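The following note sets out numbered points on the model shown below. Please read them alongside the sequence and the coordinates.

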Amino acid sequence: KGTLAVLTGGGDCPGLNAVLNAVVKAALGHGYQIYGVENGFNGLIKNRMKLLTYDDVSGILPRGGTVLGTTNRDNPFKFAHIEKDGSVTYTDESETIVKNLAKRGIETLIVIGGDGSLAIGAQLSRECGVKVIGVPKTIDNDLPCTERTFGFDTAMAVATEAVDRLHTTAESHHRIMILEVMGRYAGWIALHSGVAGGADVILIPEIPYHLDAVAKKILKRQQEGKMFSIIVVAEGAKPEGGEMTVARIVKDSFEPIRLGGVGNKLAQQLEELTGIEARSTILGYLQRGGSPTAFDRVLCTRYGVAAIEACIAGNFDVMVSLHNDSIGTVPLQEAGGKPRSVTPDNEIVQAARSIGICFGDEE
Ligand code: F6P
């Protein structure tokens with residue numbers, strides 16, 4: 001019927017293999033040949049791809065990571081070469097990609113990735129005429145044009161379990177326990193796991209916090225006889241008028257990556273302000289590792305099959321998406337746009353406020 005290629009790009013994320021499982025089985029079932037590209041766009045540039053069979057995807061559905069490998073370093077339009085003296089030069093390798101695809105007769109490229117990989121896919125489509133179909137991946141759940149990215153449900157479940165476990169130490173030691181979660185510039189993981197785990201305070205990038213408001217909430221709990229407090233803080237949360245101190249900056253290849261730390265700083269500040277012992281835990285890559293939840297496995301399967309259906313329908317330059325629990329497609333050119341943030345009028349934020357959860361912006 002035709003020849004396709006599939007790649008996984010950007011940071012690893014629970015469900016990548018589940019999407020691959022669905023994409024490959026649906027493609028083969030419809031009579032396509034499908035190449036798996038190694039290590040994201042790097043494999044397209046270096047011409048590292050192989051034809052996939054049912055055996056290649058057998059048993060991978062529940063496994064974390066990606067059997068194809070991935071990297072978030074290689075942008076074909078600005079491909080970095082490290083010279084012997086350590087300096088970096090950049091070349092445009094998009095034509096190399098077009099040639100490598102043509103050599104194998106590949107007509108359509110399926111890009112499973114987050115904002116960066118989808119933006120590259122959109123550019124390949126726009127400027128080089130490659131037929132691209134995107135699948136929205138990220139634990140951050142912040143891609144525009146879809147209600148859900150795969151991986152988010154799993155990250156949220158891991159973070160919720162962490163909140164539950166931190167409760168034990170918080171209660172026993174009468175401490176403030178802080179959990180710092182990922183999400184980059186968005187607060188979706190913090191919001192959902194904070195509500196699910198029964199946090200007392202949730203701090204997200206979209207709602208700048210006042211330290212005093214957080215301390216007030218904790219001291220009020222103490223007066224009421226609740227001798228511990230749980231705070232979930234997104235890595236990108238920032239105080240009112242302050243900078244986002246620690247969100248990882250992953251934009252470009254060789255910039256240093258700044259690790260988390262907003263939680264540690266907060267623990268120190270709150271301990272000084274309240275006199276209550278405080279501890280912080282950075283959940284980090286545990287949120288991205290391991291097996292996807294049942295919800296993510298089903299979503300990944302739906303997304304993977306939808307990508308092949310889009311291909312059959314000749315519906316290119318699109319990303320598969322979820323709206324009102326229905327799978328559809330949206331223009332790929334819009335999919336790498338401005339991240340979808342939590343808005344202050346978000347229904348879950350409002351519900352959380354109604355049950356007394358503090359966001360640090362209270363009077
Ligand atoms: O976008 C997913 C994500 O895990 C963010 O939540 C986090 O800030 C970032 O990636 C970390 O990326 P890296 O793998 O480059 O450390």
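**Note on the predicted model**

1. Val67 is placed in the loop between α3 (54–57) and β4 (79–82); helices here are DSSP runs of H or I with at least four residues, strands are runs of E with at least two, and both are numbered from the N terminus. With 16 other C-beta atoms within 10 Å, Val67 is partly exposed. On this scale a residue is buried if 20 or more other C-beta atoms lie within 10 Å of its own, exposed if 12 or fewer, and partly exposed in between, with C-beta atoms placed from the backbone. Apart from neighbours within four places in sequence, Val67 is in contact with Asn17, Leu20 and Ile60, a contact being a pair of residues whose C-beta atoms, placed from the backbone, lie within 7 Å. The C-alpha atoms of Val67 and Asn39 are 9.4 Å apart, and 28 residues separate the two in sequence.

2. On the basis of the analysis: this is a predicted model, in which local features need pLDDT of at least 70 and side-chain atom pairs count only at pLDDT 80 or more, while totals for chains, interfaces and linings use all residues. Residues are numbered from 1 along each chain as its sequence is written.

3. On the chain as a whole: the secondary structure comprises 12 helices and 13 strands. The radius of gyration is 22 Å, which agrees with the value near 21 Å that a compact globule of 363 residues would have; the radius is taken over C-alpha atoms, and the globule rule is 2.2 Å times the number of residues to the power 0.38. Along the principal axes, the C-alpha atoms fill a box of roughly 70 × 50 × 35 Å. Of the 363 residues, 52% are buried. Among contacts with a separation of 6 or more, 74% join residues 24 or more positions apart.

4. On α6 and α7: the axes of α6 and helix α7 (residues 188–197) come within 8 Å and cross at roughly 45°. Axes are lines fitted to C-alpha atoms, for helices over the stretch in contact, and angles run from 0 to 180 degrees between N-to-C directions. α6 and α7 are therefore oblique to each other; angles under 35 degrees count as roughly parallel, over 145 as roughly antiparallel, 65 to 115 as roughly perpendicular and the rest as oblique. From α6, Phe152, Ala155, Met156, Ala159, Thr160, Val163 and Asp164 meet Trp188, Ile189, His192, Ser193, Ala196 and Gly197 of α7. The residues of this contact divide into eight nonpolar, four polar and one charged; Ala, Val, Leu, Ile, Met, Phe, Trp, Tyr, Cys and Pro count as nonpolar, Asp, Glu, Lys and Arg as charged, and the others, Gly among them, as polar.

5. On α8 and α9: helix α8 (residues 211–223) and α9 have axes that come within 10 Å and cross at roughly 60°. The two helices are therefore oblique to each other, and α8 passes α9 in a right-handed crossing. Leu211, Val214, Ala215, Ile218 and Leu219 in α8 meet Gln269, Leu270, Leu273 and Thr274 in α9. Seven of the residues in the contact of α8 with α9 are nonpolar, two are polar and none is charged. Val262 also lies in α9 (residues 262–274) and is buried, with 24 other C-beta atoms within 10 Å. Its C-alpha atom is 9.9 Å from that of Ile178, 84 residues away along the chain.

6. On α4 and α5: helix α4 (residues 94–103) and helix α5 (residues 115–128) pack at about 80°, with their axes 11 Å apart. That angle makes α4 roughly perpendicular to α5. Ser94, Ile97 and Val98 of α4 make the contact with Leu124, Glu127 and Cys128 of α5. The residues of this contact divide into four nonpolar, one polar and one charged.

7. Cys145 is in the loop between β7 (131–136) and α6 (152–173), and it counts as buried with 22 C-beta neighbours inside 10 Å. Asp317, also not a glycine, has a positive phi near 60°. Asp317 is in the loop between α10 (294–312) and β12 (318–323), and with 21 C-beta neighbours inside 10 Å it counts as buried.

Technical notes:
Contact = placed C-beta atoms within 7 Å. Left-handed = near helix turned anticlockwise from the far one by under 90°.
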